[in-house]
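Trainee: I would like to go through a structure with you, step by step. May I start with the helices and then change topic as I go?

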Amino acid sequence: MAAPKVAVVGAGVIGLSTALCIVETCPSCSVTVLSDQFSPNTTSDVAAGMLIPHTYPGTPIHVQKQWFKETFAYLFAISNSAEASEAGIHLVSGWQVFKNTPKEELPFWSDVVLGFRPMSEAELRKFPQHRFGQAFTTLKADCPPYLLWLEKRLKATGAQMYTRKVADLWELHSEYNIVVNCTGIGAHQLVGDAKLLPVRGQVLKVHAPWVKNFIRDGDGLTYIYPGIHRVTLGGTREKESWSLSPDPGTTKNIFERCCSLEPSLRGAQDITVKVGLRPSRWCVRLEREVLSQGGVKLPVVHNYGHGSGGFSVHWGTAKEAARLVGECIAALQGSSSRAKL
């Protein structure tokens, strides 16, 4: 058969990284990214981009760990290259602090990040409200630069990108051989996934260049993540809220919570507020499906539902999605050679 045509629907971090993995693992394909929104208008642009995994109850831990290890190794190599500043990838050290000792003192990802250890008593004095903490070094992606870097890498391979609203995956069957669904919260409507729910996140981006260490409350609600140019302060986890409008009361609450962890933030300047809807699901949907109408078949690979953990596992899930696309291509080539017989 001729070079298989693959459409990747969605241009957030999952869509772009999946498209890049497909190009790299299936160089005979022609890959097109279709999305109604590109950076800076995606949910991924709002994300803090910290590599601290979120646990998916419905995905085996060894699978989540593998996704995280692959993502960490991939971004670590970028952070160690001349591309690091353009890609917005850098190492950041800091603390995760708890008011009470957690049941799990060693999270499943503790041996993937660098230098993971319990905090010393001297370090804990910085956080008088907290009794236990962990110190480690991880990676951070500054999201808009990283998305633009992924787009640039894709364009260099000859991949196409078009602004297009896809209302039904089936509408692509006459133009493409395989469709990859990376639509995040959009999959709720696009494929009618009732298990996929928005978890609204509101964050502040501030100018506070003296803040060099990340600080994360163990409950995952309050965090301070320094980027290359701005510090991200968060946050909220509002289940089943579809509102994209910033809430002034929430902004004040986030700022106060972050100042209680890092009082020097009272001097922060130039505060902007961002809102995104995390595509949350019991487990990431990463699987093949075949749509068919009137004897015509369209192979689909789904890769969505990463919730608040998308950046932490994006390259690992992109590699798995690319492998599934390879299986679809093999099946298509097998059926086309059988047809010739």
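Trainee: At what angle do the axes of helix H3 and H6 cross?

Mentor: Please keep in mind that this is a predicted model. The axes of H3, residues 61–79, and H6 cross at roughly 90 degrees and come within 14 Å. H3 is therefore roughly perpendicular to H6.

Trainee: Which residues make that contact?

Mentor: H3 contributes Tyr74, Leu75 and Ile78, while H6 contributes Tyr146, Trp149, Leu150 and Arg153. By type, the residues of this contact of H3 with H6 are six nonpolar, no polar and one charged.

Trainee: And how do H1 and H6 pack?

Mentor: H1 covers residues 13–25 and H6 covers residues 143–156; their axes are 10 Å apart, at an angle of about 30 degrees. H1 and H6 therefore run roughly parallel to each other. The crossing of H1 past H6 is left-handed.

Trainee: Which residues are involved there?

Mentor: On the H1 side they are Val13, Leu16, Ser17, Ala19, Leu20, Val23 and Glu24. On the H6 side they are Tyr146, Leu147, Leu150, Glu151, Arg153 and Leu154. The contact of H1 with H6 is made up of nine nonpolar, one polar and three charged residues.

Trainee: Changing topic: how many disulfides are there in the whole structure?

Mentor: A search of the whole structure gives zero disulfides.

Trainee: What about Cys328?

Mentor: For Cys328, the closest cysteine sulfur is also in Cys26, at 9.6 Å, and that is too far for a bond.

Trainee: Are these two cysteines, Cys29 and Cys328, buried or exposed?

Mentor: Cys29 is buried, with a relative accessibility of 13%. Cys328 is buried too, at 3% relative accessible area.

Trainee: Let us turn to the backbone. Which peptide bond involving Pro40 is cis?

Mentor: The bond from Ser39 to Pro40 is cis, and its omega is near 15 degrees. Pro40 is found in the loop between strand E2 (30–35) and helix H2 (43–46). There is also a cis peptide bond between Gly234 and Gly235, where omega is about 0 degrees. Gly235 belongs to the loop between strand E11 (231–234) and strand E12 (238–239).

Trainee: Why point these out?

Mentor: Most peptide bonds are trans, and most residues other than glycine have a negative phi.

Trainee: Then what is the phi of Glu240?

Mentor: Glu240 has a positive phi of about 60 degrees, although this residue is not a glycine. Glu240 sits in the loop between E12 and helix H8 (248–261). With a relative accessible area of 54%, Glu240 is exposed.

Trainee: And what is the phi of Asp270?

Mentor: Asp270 is not a glycine either, and its phi is positive, near 55 degrees. Asp270 lies in strand E13, residues 269–280. Its relative accessible area is 53%, and Asp270 is exposed.

Trainee: Now a residue in a strand: where is Tyr223, and is it buried or exposed?

Mentor: Tyr223 is part of strand E10, residues 223–226. At a relative accessibility of 8%, Tyr223 is buried.

Trainee: What does Tyr223 touch, beyond its neighbours within four places in sequence?

Mentor: Tyr223 is in contact with Val203, Ile215, Arg216, Thr232, Leu233, Gly234, Gly235, Cys258 and Arg278.

Technical notes: Residues numbered from 1 in each chain as written. Predicted model: local features only at pLDDT ≥ 70, side-chain atom pairs only at ≥ 80, totals over all residues. Heavy atoms only, no water. Disulfide = S-S within 2.5 Å. Buried < 20%, exposed > 50% of the residue type's maximum accessible area, 1.4 Å probe, protein only. Axes fitted to C-alpha atoms, helices over the stretch in contact; angles between N-to-C directions. Helix = DSSP H or I, 4+ residues; strand = E, 2+ residues; numbered from the N terminus. Parallel < 35°, antiparallel > 145°, perpendicular 65-115°, else oblique. Left-handed = near helix turned anticlockwise from the far one by under 90°. Contact = heavy atoms within 4.5 Å. Nonpolar A, V, L, I, M, F, W, Y, C, P; charged D, E, K, R; others polar.
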